[in-house]
Amino acid sequence: MRITQRPITSWIFYRNTRWQLLLLGVILVTVVARVFPLEMQKRIINEAIGLGLYDKLLLYCGLYLGAVLLASSLKYVINALQVYLGQKTLMHIREELYRHILSLPLSFFRQTQPGMVVSTLVGELASVAEFVGSALAVPAVNILTILAFAGYMFYLEPILAGLSFAIYPFELLVIPRLQKKTNQANRERVRLSRKLSGIIGETVTGIHEVHGNASYHIEGDKFKNKAGELYRANIRMSLYRYGVKVANNLFQNIGPFFLFLVGGYLTINGRFDLGALVAFLSAYEKVYDPWKELMDFYQLLQDSTIRYRQVMDYFDHAPEHALEPEGRSPHTLVGNISLRDVYYTVSGNIRILDRVSLDVQSGEQLALVGFSGSGKSSLALVIAQLYDYSAGNVLIDGHEVSGLTKSDMAANIGIVAQHPFIFSGTIRDNLLYSCVATPGMREEDLPDLDRTIEVIQQVGLFRDVLRFGTTTVLPRDTYPELEKRLVRVRHEFQNRFGTLLAEDVEFFDETRYLQYSSVAGNIIFGDPVDDSFAEDRLHANADFLKFLDREGLEQRMWQLGARIARETVDILGNLPRTPELFESSPIAMDDFEDYQELVRELASRDPSELNAEQRNRLLELALNFTPGIHKVVALPEDFQQAILKVRGRFKEWVKSEHIRAVVVSSESQYIHSQNILNNILFGKLKDESGGAQERVARSLIQLLIGEELLEKIVEIGLTFEVGSMGDRLSGGQRQKVALARAFLKAPPILILDEATSALDNASQTRIQNLLQTRWKNKATVISVVHRLDTLAGYDRVAVMKSGQIIEFGTYQELLERKGVLYELVNGTQR
Amino acid sequence: MNSSTEPSAEPCEYRENLDMIRNIPYFARMDMEVIKVLAFVCKRKTFRPEEFLFHQGEHGNESFYVISGTGVVIRSDNGSKRIIGEIGSGRSLGTLALIMRSKRLFSLQALTPLTCLVLERKKFQAQLATNPRMAQVFLEAIATRVVEWEDRYLREDECKAQRTLDEVGVSLI
């Protein structure tokens, strides 16, 4: 059965039978341990106190204590078991539901927000866990407890017991009615508060008009009327709610009245003894708690069943294709594709594909062209089984595509989508994604480093990865040999390009203030060996703070920090926080709220009046400020001069007191706190210099080839983390990664859906050449083409319009025919 | 809000950018909060003489506003290069690249050192995505520009307009 069709109750014993039985066992013992003290109470009064026997008093009190301790510990065990069962089942449900959701057809996801899936799996199912955990335990423990207490009471005195339980039917009659009234009143209250919110929202949005017309009283009255209604509704609801409470209380407390009256009468008459009366009273009072718990459980049952059904119904669709073949391994296909009268219809009875027939031989390359909306992409995706055709046959090597499993497709097809998706992880993880996912792929069959580098060269990703490599900060003591060679590259760079690129690079010059280094970096001017002297940790270094104080710089730092904080908060204060915004922000995204708070403080106080922690935050901001990147404030010339002076004093101070903490930057040493590029440049790239990146990259490649370091740096670049959803990659880079991962997989069928649309002309041409040389006769290629100048390279061209193929043939044939393709190519048709 | 805060803010790159952007017609009507952010996320770049800012046929990802210097606009068709004209300070180029990835229709080369304000589409759109009303304001500014252009085009040279009747109506009016 599909997971979404299982009833909620089926989870109670799912992989839990033994634990549930154990739970039941514990419950039985617990119930006995709960009733036992009642009997002890009776005996303490009748036998021990009544007859004045000390030894019996001690014995019964001891037994009483033992039973109470046992019951309490067992209660804890029951709770622990409930939680364990509930959470374990929740984990199972989540796992299985997630697998199910992932297998649902794409059409389902077009109508589903990712947020919906997230909230379902993370939040919504929590009450189901609670239910499963308590499904057996709560009813069992409470019903048994009530029965046991009731039984004991009937055993003591049947008439009295009957009397005390006679109240419960009344309670069942009155309380639910009151509850219903309460709910009604609550709904009314919610409705009114929405109305009131609407009024406030409208007035505030139109505040211009209110001010313009001085219509304060009109808007004020509107508000007053609704607020009055809400006030009354609130009171009404509260009265009902307390009514329920009071009624509950009353029923609970009126019981003993009967007991004393009737019980007292019986006792005076000698038909009932005093001990039994006390035990009876206790039993009566103890029935209330389990009763209440049962009521709560009933509510939980209702809530979680509804919640569970909603969730499951939402995802209750069948996957369109089986994931794994049964009784065989996935097919190995050669890629003969044949379409016969294929229709693809979407909701609203719109025909996206209208009787398409087509034959592509293994190894042939077919281009699909046409206007947007002509169905060319859909055709490619129907062949790839991503869309399901409504009628006709799509055959690959004679197998009907609709009957193939996902594994069959994955083993034989590589797809490059127009907007490929990149997952978080390293570049290399993403390049190997398709290979790793391919059914039957073993670890040792995965492409090795050389093959990976070959492919990233082919798709033109090499330079990008090289750049990622050069922006890596090497971990200390891991690559001693590489560091030495990089220092050699540095000298070579200085000799050959030093003067040429002087405008593009800000060199680490000890006599100058560095615009592209932080204030902290300018003071340190070196390689902090001791972590507490790292640029971003300096503000927390107590020794350094004393040094700053001695230099008389603290005040100025706070002032600078305050200026930066004010300006930045003013600009970004009310905006949604996005990474794009914070790229050039001196305040990190996660710290922003703290600084907002700080700026509010600064409105009425001078930085020097803040407390030590707040001042330290300002210092942190000032120390991390980098004028070359952060433009919100200017760094005054005299401040820069002051820092330069402090740089010298810092060097002396470190030498005399922290001899090993910082190694001052020198041209002959690798700087571990800087990335590879900055080490080679012995400086930083100037962002404002147009084309600098290109020029430096060119010279760098020459040098790295000379030192035979190119591949090493690329290898390091492959470990670059692409960020969540690959957001640290550009559109072009993402497409190149997607192409490379398909090429690395080397499937017999390649489906390219405008796969080069985000690339520049040179890269597009490179990919086109690659298809026509390396992949010629190796893979069947179906390519949705957006650039007509690449068409000549394809074996055949299909021109599509309104879901039909209107021209089909070689490029030359179609041009000679002077039909639609001819017009498209020559641009006469709009 | 009263003006108890500092009356004259110190000059810095961000404030200069702010004043420039406020006067670019495409952005002028946007809310001040948005203009502030644009001034905050844009970057200045200086190009050496003969350096290309972009090449014809490339896909543009950013717009330029010339702060100082001169550049030359070059168009090549079928292998022959044609100089369309020179541009100087105060000129915006490539604004449509802020809306979509469009092909550059010409190359732009620096003649003298050329300093520009560069705004990336990614950052611009991240801003508009959170503020649909600003997207509307921006589109209106662009549309106004297209309408003005067509109006001028039709008025200036009626013969030319006759010849290329196909072009009439590009403003969709």
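Which residue forms a salt bridge with Arg617(A), and how far apart are the closest N and O atoms? Select Arg617(A) and Asp594(A): these two form the salt bridge, and their closest N and O atoms are 2.6 Å apart. A salt bridge here is a side-chain nitrogen of Lys or Arg within 4 Å of a carboxyl oxygen of Asp or Glu.

Before continuing, note that this is a predicted model, in which local features need pLDDT of at least 70 and side-chain atom pairs count only at pLDDT 80 or more, whereas totals for chains, interfaces and linings use all residues. Residues are numbered from 1 along each chain as its sequence is written, chains are lettered from A and ligands numbered from 1 in the order in which they are written, and side-chain values use heavy atoms, with hydrogens and water left out.

**Stop 1: salt bridges within a chain**

Remain at the opening pair. Arg617(A) belongs to helix H24 (residues 612-624) of chain A and Asp594(A) to helix H23 of chain A, so that the pair links parts of the chain 23 residues apart. Helices (H or I, at least four residues) and strands (E, at least two) are DSSP runs, numbered from the N terminus. Asp594(A) counts as partly exposed because its relative accessibility is 40%; the scale calls a residue buried under 20% relative accessible area, exposed over 50% and partly exposed in between (1.4 Å probe, protein chains only).

Next, select Glu510(A) and Lys651(A), a salt bridge whose closest N and O atoms are 3.1 Å apart. Glu510(A) is in the loop between strand S7 (505-507) and helix H19 (519-524) of chain A, while Lys651(A) is in helix H25 (residues 637-657) of chain A, 141 residues apart. Glu510(A) is partly exposed, with a relative accessible area of 37%, and Lys651(A) is partly exposed at 30%.

Move to chain B and select Asp31(B) with Arg133(B), whose side chains meet in a salt bridge (2.6 Å, N to O). Here the loop between helix H2 (25-28) and helix H3 (32-41) of chain B holds Asp31(B), and helix H5 (residues 132-156) of chain B holds Arg133(B), 102 residues apart. Asp31(B) counts as partly exposed, at 26% relative accessibility. Over all chains, the count comes to 55 salt bridges.

**Stop 2: where chain A meets chain B**

Display both chains. In contact (heavy atoms within 4.5 Å) are 30 residues of chain A and 25 residues of chain B. The area buried between the two chains is about 2600 Å², and carbon and sulfur atoms give 48% of it; buried area is the accessible area (1.4 Å probe) that two parts lose on being put together, summed over both. Select Ile571(A), Glu580(A) and Lys631(A), which supply 20% of the area that chain A buries against chain B, more than any other three residues.

Between chain A and chain B there are 8 salt bridges. One to select is Lys45(B) with Asp687(A), at 3.8 Å, N to O. Select also Asp504(A), Arg695(A), Arg48(B) and Glu51(B), which are linked in a network of salt bridges.

**Stop 3: a buried serine**

Is Ser585(A) buried or exposed? Ser585(A) counts as buried because its relative accessibility is 7%. Select this residue in the loop between helix H22 (579-582) and helix H23 (592-602) of chain A. Its side chain reaches the backbone oxygen of Ile587(A) at 2.7 Å. Not counting residues up to four places away in sequence, Ser585(A) touches Thr568(A), Leu572(A), His630(A) and Phe40(B).

**Stop 4: the nonpolar cores**

A nonpolar core is a set of buried Ala, Val, Leu, Ile, Met, Phe, Trp, Tyr and Cys residues joined through side-chain atoms within 4.5 Å. Select Val519(A), Met557(A), Phe650(A), Phe27(B) and Met30(B), which touch the most other members of the largest core, of 76 residues. Helix H21 (residues 554-572) of chain A gives the most to this core, with 9 residues. Apart from this core lies another, of 73 residues, among them Leu501(A), Leu703(A), Leu770(A) and Val785(A).

**Stop 5**

Finally, select Ala746(A), in the loop between helix H29 (731-745) and strand S11 (749-753) of chain A. Ala746(A) is partly exposed, with a relative accessible area of 42%.

Methods. A polar contact is a pair of N or O atoms within 3.5 Å; within protein, one must be able to donate a hydrogen and the other to accept it, and residues adjacent in sequence count only if both atoms are side-chain atoms.
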